[in-house]
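Okay, thanks for coming, everyone. Let me put the model up on the screen, and then I'll walk you through a few spots.

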Amino acid sequence: MPLDTSTYSLALLRLDGRRWNELRRMHAQISTQPTADGSSYLEMGNTKVICTVAGPAEGRRAGGGGGAGGDATATVQVEISIAGFSGVDRKRRGRGDKRTSEMQMTVANAFANTLFTHLYPHSTILVTLHVLSQDGSLLAACLNASTLALIDAGIPMSDYVAACTSGSTSSYSSNDEAADPLLDLNGTEEQELPFLTVGTLGAGEKVSVLVMESRVQAMRLEGMLAVGVDGCKQLKEILDQAVRRHGKKILLERKV
C-alpha cells in the first residue's frame with residue numbers, strides 16, 4: 001500500500017509522530033559480550049544490532065565477509081548476519097546475498113580509512129554484526145554499532161564514524177517542488193521514498209560514507225545531504241555519551 005504523505009504539509013508530523021528533523025529513540029550499550037575484544041548493542045528505533053570485534057590478530061585473513069586493507073596495514077574484515085525473524089517477510093539471507101555483501105564492503109572500507117591500521121601490520125580486525133530487527137537505517141545502525149565496538153576493543157581511530165539516513169517527502173516521479181527533506185527514515189518510509197545513508201567523521205562535516213540506492217531529483221539532493229550531516233552530528237553526541245557513561249562505570253567499579 002502506498003505511503004500516505006498528505007499529512008506532512010498539514011500537521012508537519014510523520015506517521016510515527018516525529019517532525020521532519022527528529023531522530024528516533026536511540027539506545028546504545030558497550031561491552032555487552034565479555035568474551036569478545038570489543039562489543040556493543042545498538043537500537044535505532046526498532047532496528048536492533050549486536051556487534052562484536054575480534055583482533056587485531058594474525059591468521060584470520062580467510063573468510064567470506066567483506067574486507068579492506070593491505071599487508072602493510074591491518075585488514076578490516078566485516079561479517080553481517082541477518083536473522084530470519086528480523087524483518088516482516090521473515091526472509092533468511094544466505095552468505096552470498098548481494099545486499100549483505102555490499103553492506104559488508106561499505107562498513108569495511110569506512111573503517112579501513114578511519115582506524116590507524118598502520119599500527120597493526122599483517123593482522124586482521126574482524127567485525128561481526130548480528131541484525132536482530134530491521135525497521136530502516138540498517139546500514140547506519142551497523143556503522144554506529146561498529147564504532148562503539150571498535151572503541152570498546154581499544155583500537156585507535158581518528159574519530160567517531162556516525163551515520164544516519166535522510167530522505168525526501170516526494171518520490172522521483174512526482175517531481176514535487178515543495179517536497180521537504182526527512183531525517184532518520186523508518187522501514188515504511190524507506191520502501192516508498194527516496195533516501196540516502198550518510199556517515200561523517202566526528203562532529204565535523206567530513207563525509208566518509210555516502211550510499212544512495214534510489215532515484216531522486218538532483219535539486220533535492222543537497223537538502224537531503226545537509227539534513228543527513230546534521231543528523232550525524234546529533235548521533236555523534238549520543239555515541240559519545242554512551243562511551244563516557246561506560247567509562248564512568250568502569251572507574252566507579254575500580255574504586256570499589
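**A walk through the model**

Let's begin with Ser31, which sits in the loop between strand E1 (26–30) and strand E2 (38–44). Helices and strands here are DSSP runs, H or I of at least four residues for helices and E of at least two for strands, numbered from the N terminus. Ser31 has a positive phi of about 60°, although it isn't a glycine. It's partly exposed, at 33% relative accessible area; on this scale buried is under 20%, exposed is over 50% and partly exposed is in between, with a 1.4 Å probe and protein chains only.

Some housekeeping: this is a predicted model, so local features need pLDDT of at least 70 and side-chain atom pairs count only at pLDDT 80 or more, while totals for chains, interfaces and linings use all residues. Residues are numbered from 1 along each chain as its sequence is written, and side-chain values use heavy atoms, with hydrogens and water left out.

Now the overall picture. The protein has five helices and ten strands, and of its 256 residues, 48% count as buried. Take the contacts, meaning heavy atoms within 4.5 Å, between residues at least 6 apart in sequence: 68% of those join residues at least 24 apart.

Back to the backbone. His122 also has a positive phi, near 60°, and is a residue other than glycine; you'll find His122 in the loop between H2 and strand E6 (124–133). Then there's a cis peptide bond from Gly55 to Pro56, with omega near 5°. Pro56 belongs to strand E3 (residues 47–57).

On to the helices. H2 (residues 98–112) has 15 residues and spans 21 Å from first C-alpha to last, close to the 21 Å expected at 1.5 Å a residue; that expectation is 1.5 Å times one less than the number of residues. Among the buried residues in H2 are Met103, Val107 and Phe111.

Phe111 turns up again in the largest nonpolar core, a set of 56 residues where Phe111, Leu129 and Leu150 touch the most other members. H3 gives the most to this core, ten residues. By nonpolar core I mean buried Ala, Val, Leu, Ile, Met, Phe, Trp, Tyr and Cys residues joined through side-chain atoms within 4.5 Å. Beyond its neighbours within four places in sequence, Leu150 contacts Val53, Phe111, Leu115, Ile125, Val127, Ile155 and Met157.

Asn144 is in helix H3 (residues 138–152). Is Asn144 buried or exposed? Buried, at 0% relative accessibility. Its contacts, again leaving out neighbours within four places in sequence, include Leu42, Met44, Val161 and Leu235.

Last stop, the largest cavity. Met44 and Leu235 are among its lining residues, along with Leu23, Arg24, Arg25, Met26, Gly45 and Asp184. A cavity here is a set of points on a 1 Å grid over the protein atoms alone where a 1.4 Å probe fits but cannot get out, and lining residues have an atom within 4 Å of a point. That's it from me; let's take questions.

Methods:
On a 1 Å grid over the protein atoms alone, a cavity is a set of points where a 1.4 Å probe fits but cannot get out, and a pocket is an open set with protein on both sides within 12 Å along at least five of seven lines; lining residues have an atom within 4 Å of a point.
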